[in-house]
Amino acid sequence: MEESDIKITVKFTTQSIPITISHDSTVQRLKTILLPLTSIFPPGQKLIFKGRLLENDKSLRESGVNNGAKIMLVGTRGFFRWDGPTIGGAPSRIASMRGRAPSRFASTRGGAASRFASTIGGAPSRFGSTIGGTPSPIASTIGGAPSRFASPIGGYPSRFASTIGGNPSQIASTIGGAPSRFASTMGGAPSRIASTKKNIKVEKSRTERWKATNIVALAECNLKDIPDEVWPCAPFIRILDVSHNSIQHVPDRIDCLTGLRKLYLNGNALSDESISWQRLTSLKLLQVLFLSRNCLNTLPSTLGLLTSLQQLNVANNLLTALPIEIGNLTELEILKVNNNRISSIPSSIGNCTSLVEVDLSLNHLSELPDEFCSLHNLKALYISNNAMKSLPNSFFMMCTQLSILDHHHTEITMDTLWQTDGWEDFEERRRAKRRKRNDFGVINSAESDEDADKN
């Protein structure tokens, strides 16, 4: 402890956080120190001392904060960092409604979705859904006047219904087979053209479908493990999507998917120990890897063996660092590590010269390495909600493709940016991109309303 250092205590909820800091440090510097300790970003911190709100630009000495002082921290809603994934079930993408008016479009049970919804407990709908079969475009009514067109039972929908026990219909439905244009009647005069019965082709099993399409789509299926029937199809699989389940283990057999190009494991309950990284990184053809919204604390050095990787998404985990070997991913184009607890980026990132988009937002970063300037193809950088004060000196001069920069809720000020070489050229690219998007009627506040205009 140096002579100019003081010891203070910050009170936050039920915590008492001891901090040793220079007496001449600013209040803003104190907030930066508190970020990893409280998981509240500096813009959301209010520090109160003796009933006064401390000002960011003043030093602790100027603010009257001396050795042994006690400061209260109040966190502003909306600035708390995300605190890990939700475990226990896959979230539904579309929420159901209970106790409300019937939906315009109703789902079916056991069959394809109906085009039009039927009502339950009220007047019959003009168009009804089917249960257990393929939907009829125009359904019969139940409990009301007979429909002009009857829906089929047990087969494909007939365009027009036959009559039973009455006058012969000129055009009748089929029974148990593909729809016939002309059908016979029962109990009346014979039809001019007899119906034909055709065998219905049995739907392929899902393993046959996987082999035919090269895609295994099992997202949101409430899975706890990858199904055993996946592995015999390994030579055919190019895309495996088991996202948004409750999978807690990636087995060693993952390495049998030698032709795999895309792997989606996001939204599960995976931890560091539950992934066989050595087997996973043997997938030399893998181009897309999604591991976001899990419980990962670290990424192994073997990640660098995935040299064909083009997209890596490890957002919303508990990571505190990236491995140095990430620099081996020279084909990487999109890197998303947002919403973690990363405090530094390895200098080897400069080797990833194919990077086009990087999202580092919602972390504990205070700076970027100078090697970041080597990312000549970078077009979009997201660094919001970090403790950063500046960018590398030659960043705008070297990253000449950059047109999107999101630095909301950082300590990077407009004065700092205006004095940075290359800022004017970046501004022109940014405005040109915004004009182009507006010409096409595309509005996205995260990309178009650039942070430079707001800080």
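1. Helices (H or I, at least four residues) and strands (E, at least two) are taken here as DSSP runs, numbered from the N terminus. The structure is a predicted model, in which local features need pLDDT of at least 70 and side-chain atom pairs count only at pLDDT 80 or more, while totals for chains, interfaces and linings use all residues. Residues are numbered from 1 along each chain as its sequence is written, and side-chain values use heavy atoms, with hydrogens and water left out.

2. On the overall make-up, the protein contains 6 helices and 14 strands. It has 455 residues, of which 42% count as buried, where buried means under 20% relative accessible area, exposed means over 50%, and partly exposed lies in between (1.4 Å probe, protein chains only). The accessible surface comes to about 24,900 Å², and carbon and sulfur atoms hold 50% of that area, as computed by the Shrake-Rupley method with a 1.4 Å probe, counting for residues only the protein chains shown as cover. Among contacts (heavy atoms within 4.5 Å) with a separation of 6 or more, 39% are between residues 24 or more positions apart.

3. A nonpolar core is a set of buried Ala, Val, Leu, Ile, Met, Phe, Trp, Tyr and Cys residues joined through side-chain atoms within 4.5 Å. The largest such core has 68 residues, and those touching the most other members are Leu360, Phe372, Leu381, Leu391 and Phe395. Two or more residues of this core come from each of the elements α3 (277-280), α4 (395-398), α5 (414-418) and α6 (423-439). Leaving aside residues up to four places away in sequence, Phe395 touches Phe372, Cys373, Leu378, Leu381 and Leu402.

4. Strand β5 (residues 70-75) runs parallel to strand β1 (residues 5-12), to which 3 bridges join it, and Lys11 has Met72 of β5 as its bridge partner. With strand β3 (residues 45-49), β5 pairs in the antiparallel sense over 4 bridges, and here Gln45 has Gly75 of β5 as its bridge partner.

5. Thr13, in the loop between β1 and β2 (15-22), has a positive phi of about 50° although it is not a glycine, and Thr13 is exposed, with a relative accessible area of 67%. Asn339, in the loop between β11 (334-336) and β12 (357-359), likewise has a positive phi, near 60°, in a residue other than glycine, but Asn339 is buried, with a relative accessible area of 8%.

Notes:
Pairing = 2+ DSSP bridges.
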